[in-house]
Structure formats: structure tokens, C-alpha cells
Amino acid sequence: MRGPAVVVVGGGLAGIAAAVRLADRGARVTLVEARPHLGGATYSFPRGGLLADTGQHVFLRCYESYRDLLDRMGVSALAPIQERFEIPVLYAGGRQARLRRGRRGPAPLHLAGALAGYRPLGLSHRLRAGTAALALRSVDPDDPVSDRTTFGAWLRAQGQSDRAVERLWGLITVAALNLPPDQASLALAARVFRTALLERPDAADIGIPGVPLRELHAEPAARLLARLGVRVHTKAKVLSIEPTEQVEQAEPSGGSGPAGPGFVLHTRTGELTADAVVVAVPHQAATQLVPATAAPDRDRWAGLGSSPIVNVHVVYDRPVTDLPYAAGLDTPVQWIFDRTRAASVEHGQYLVVSISAADGLADRPADEIRHAYAGALATLFPKARQARLLQSFVTREPHATFRQVPGTAALRPPARTRLPGLALAGAWTGTGWPDTMEGAVRSGLLAADAIDIDSFTRVSRPIEEATP
Ligand SMILES: Cc1cc2nc3c(=O)[nH]c(=O)nc-3n(C[C@H](O)[C@H](O)[C@H](O)COP(=O)(O)OP(=O)(O)OC[C@H]3O[C@@H](n4cnc5c(N)ncnc54)[C@H](O)[C@@H]3O)c2cc1C
């Protein structure tokens, strides 16, 4: 018995996860991606002899669906997770602190150790931070009320000072939600802090790709999808999706009835037909592609907006720091990662500075950004003052994530649409998770499960396609 023909539009992590799950469930899957490669926002490109990522990515031990996908692709060992949560923090006057969980003790006691040693914040602020962390346990991320206010407003109501909001809570919030606490939704912040820091002691341990993202996601995904019999068409942008006539659906009684419409997808070079479609593209593209009959409220998705991330890449002729990664305070260097080994750079040191919530920076001239960050790095790392800069360039992602402000929970659609057979995926959809790799993979699984495969198993249309 041949399974139904399902087309997945978009080859980011959401589309890849959806295609794998659908193939596992017996569908005949075709994945169609506009770019020449899979991986979506997580990709790498060659530049001056190295393979650079479009943006530095990290993940946490609690990213369970994402890690399952890495396992399935056979690449978990290429993205090791630290033994225990630890962030070196560089701050004023060349000082260094560590935010590190205790080795023993159940959650949330493990946080006590982390806060105890966090010197960028005075003792009284740290004690109050502990109280606020405990109070977060009573914030329900799924309660619409939690999405009506900012995390910053909630923190202040818990007695957190501006200094604590900026130097402790902000350090994590900006990285996790791509917005500072005073703009980020309390609901999404509660999801991050509760899941990562309050429920299991090891949940926030950080994983960092040890190879370029192309080798971690795009290439292994292409191999896995090929093994599963999924057809992948790259450089094939879908221009429109049209529901067609009703197709026959198998009924439990053995008779047949309507399963909903079939679909025709138009690309610049041809057409595909399908029994069902998963649309796994960013919200800006989904608004154009998803038929109004499937989502009459699709114009509201524009309200999700976007928040930029900028990365500054620098290659020195010699090592300037021993730190594999660090966060910065009192410096424009928010986070820094040593990518020398990951990018197989043989001489010198390749560092990437990652700047989230980069409004105001993303549209500055590249030379200005490079110059400013070369100066900031020289202040942080004295050895950089003597080192020669062999290469430096800037990558910008103006739409890195949706803008995770209060009010967005109501704008994020569920996987299931009003058209049976058309489901939505993407880190921006209503997973309850922030716009992250975990959110993307979860959304793909939800969308795949929203397609009622069994209703098509008796009667399915052959997939017809012109060469894309
Ligand atoms: C610079 C940067 C840093 C980040 N850092 C982190 C991090 O550290 N940790 C973390 O968890 N997350 C991070 N994220 C977020 C994470 O990358 C995203 O949440 C996730 O990759 C989104 O996956 P997706 O599949 O939903 O969307 P995308 O990756 O955007 O994939 C959508 C795909 O659809 C394709 N497409 C669009 N229109 C069409 C069309 N008409 N036809 C066919 N294909 C189409 C696109 O080309 C794209 O490949 C970061 C993002 C950026 C940009």
C-alpha cells in the first residue's frame, strides 16, 4: 500500500523534522526548498578559506526534540554538551566571573552555587535574584496572562534592580529570546527559565556545534532524507499553493469519503501535486503562500515582526584567548566563541562575536561594525592588541527570529489549519517555545502529526511533477 503524497515546503529544521516524521509514518514525501541547500537559518558559507556559519548557534540539554534529530542524523557527537552549565563572564576592568551550576543537588538548589560566585552583581542583588528565580516557578508559560507583560516588568515587581535585570537576567534573556527583558514576553521567558534552570539541574548545560552548521544539519539531513526515500528539490521556490478538488478518503467502514482537497504547488519551473502539504517557511513567506481558506487570519502573522542578530567574524594571526566561549558585560561583545577548530582554521584564532537584539547595529556599515568590534576585542583580550587581524567580516540576519514581545502567543498559529491536509510548521508557529532550533523541530513534528495519514492510505494521488 502506497502512502499519501505529502509535500513539505521549506528545508530548515522545521521542514526537515516534518519530512522525517512523515516518512516514518509511511507518507511519500517530497521536500521543496528555495535555496540551494537544506538547513534554513542554520547554514554555513565559504569565506576566505574558512567555512563560516551565518550565525553562531548554541543549544541546551533540554532541547530534547532537536537532540533526537541530531541523534537520528548520526551527528550528536559533533555537537558536544558541557558536563555542567558554565558561562565565563568578562566584565569591567578585565575581570572574569563564572556563572556555573553546582555539581550536586536537585533543581533549583543547583542555582545557589551559580549565583553565589557571580561577582558582577553585589551579594544583596544575588540573594534577591534567587528569590525571583523561585517565584518564576509559579508563572505558567501557557497562561495568556503571562503573555500580557514583559519579563522586565515582572522582574521589577519581584524587587529586581535595574542592575540585576541587565547583568544577570538580561545576559540569558537576550541570548535566548533575542530581546532584552524589558521587551521580551514574560510567557516566553518563563518557558526558557523554567525549563532550562528550574526543572532539572542539568537542563541548561550548553551544547556548541563542533563543526560548521552545514556539516551538522544540511549534509546529514540530506543523507537521512535520501535513506528514508524523501525526494529533495533545492533551488525550487514555491510560488503558490492551490487547494484543488476533493480527494477520496478511506473510511473505517471500508467505504470512502472526502479527505479534503488535494493541492497543486507552483514553482518557477513546474508544478507538484500532493494529497497534503506542510508549509515550513518563515512567517513572512507563509503569509504569501498559505491559502486564505486555510488561515483566514494569515495577515495577522505580520504582527510577529522580526528581531535581528549580527555576527562579527575575526581571524587573528595568533591565539588571543583560551576561552572556548564567554559572555560579556560592560562591552559591546555580548557573546564570543572560539571557532578555530570547528572551522578547521590551521593558523591563528578564529573568533565570532554574536550580538543578539541587534536593532541599531544591523543596518550600520560593515566597516564601522568591524572597526568597533576590533577595538572592543582589543580591550577584552590584551593579546589582541599585538595580534594581526588576518580577516574580519560581518554577517547580519535582520529577520533572525520573530520579535518575542508580549501579545505574540495569540498571533502564533497552531499546526492544524482550516484545510484538512495543510499544516503549518516553523519556529514561529504556536509551539509555546521561543524561536529556537528546539521550537523549529517541535513545530515540524506537530505539523507532521496534524496530517491524518491514515485517511489517505487507501486512495492516494500519484505525485506528478515537472522538473523543478
Ligand atoms: C543568526 C542566528 C542565530 C541564532 N542562534 C540560535 C541559537 O543559538 N540557538 C537556537 O536554538 N536558535 C537560534 N537561532 C534561531 C534558529 O536558527 C531558528 O529558530 C530555526 O533555525 C528556524 O528554523 P525553521 O525551519 O523554522 O525556519 P528556517 O530555518 O528559516 O527555514 C525556512 C526555510 O524555508 C525556505 N523557504 C522560504 N520560502 C520558501 C518558498 N517559497 N519555497 C520553498 N522554500 C522556502 C527558506 O529558504 C528556509 O530554508 C538563530 C537564528 C539566527 C538567524
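1. Helices here are DSSP runs of H or I with at least four residues, and strands are runs of E with at least two. Counted in this way, the secondary structure of the protein, a predicted model, comes to 12 helices and 19 strands.

2. On overall dimensions, the radius of gyration is 23 Å, close to the 23 Å that the globule rule gives for 468 residues, so the protein is as compact as a globular protein of that length. The C-alpha trace spans about 75 × 50 × 40 Å along its principal axes.

3. Of the contacts with a separation of 6 or more, 71% are between residues 24 or more positions apart.

4. On charge, the protein has 52 positive and 45 negative charges. The mean position of the positive charges and that of the negative charges are 7 Å apart.

5. One local element can be described in detail. Strand E3 covers residues 44-47 and strand E4 covers residues 50-53; the two pair in the antiparallel sense over four bridges. Within this pairing, Pro46 stands opposite Leu51 in E4.

6. E3 and E4 form a hairpin, with two residues between the strands. Gly48 lies in the turn and has a positive phi of about 50°.

Key: Residues numbered from 1 in each chain as written. Predicted model: local features only at pLDDT ≥ 70, side-chain atom pairs only at ≥ 80, totals over all residues. Heavy atoms only, no water. Pairing = 2+ DSSP bridges. Rg over C-alpha atoms; globule rule 2.2 N^0.38 Å. Contact = heavy atoms within 4.5 Å. Lys, Arg positive; Asp, Glu negative; His and termini not counted. Charge placed at Lys NZ, Arg CZ, Asp CG, Glu CD.
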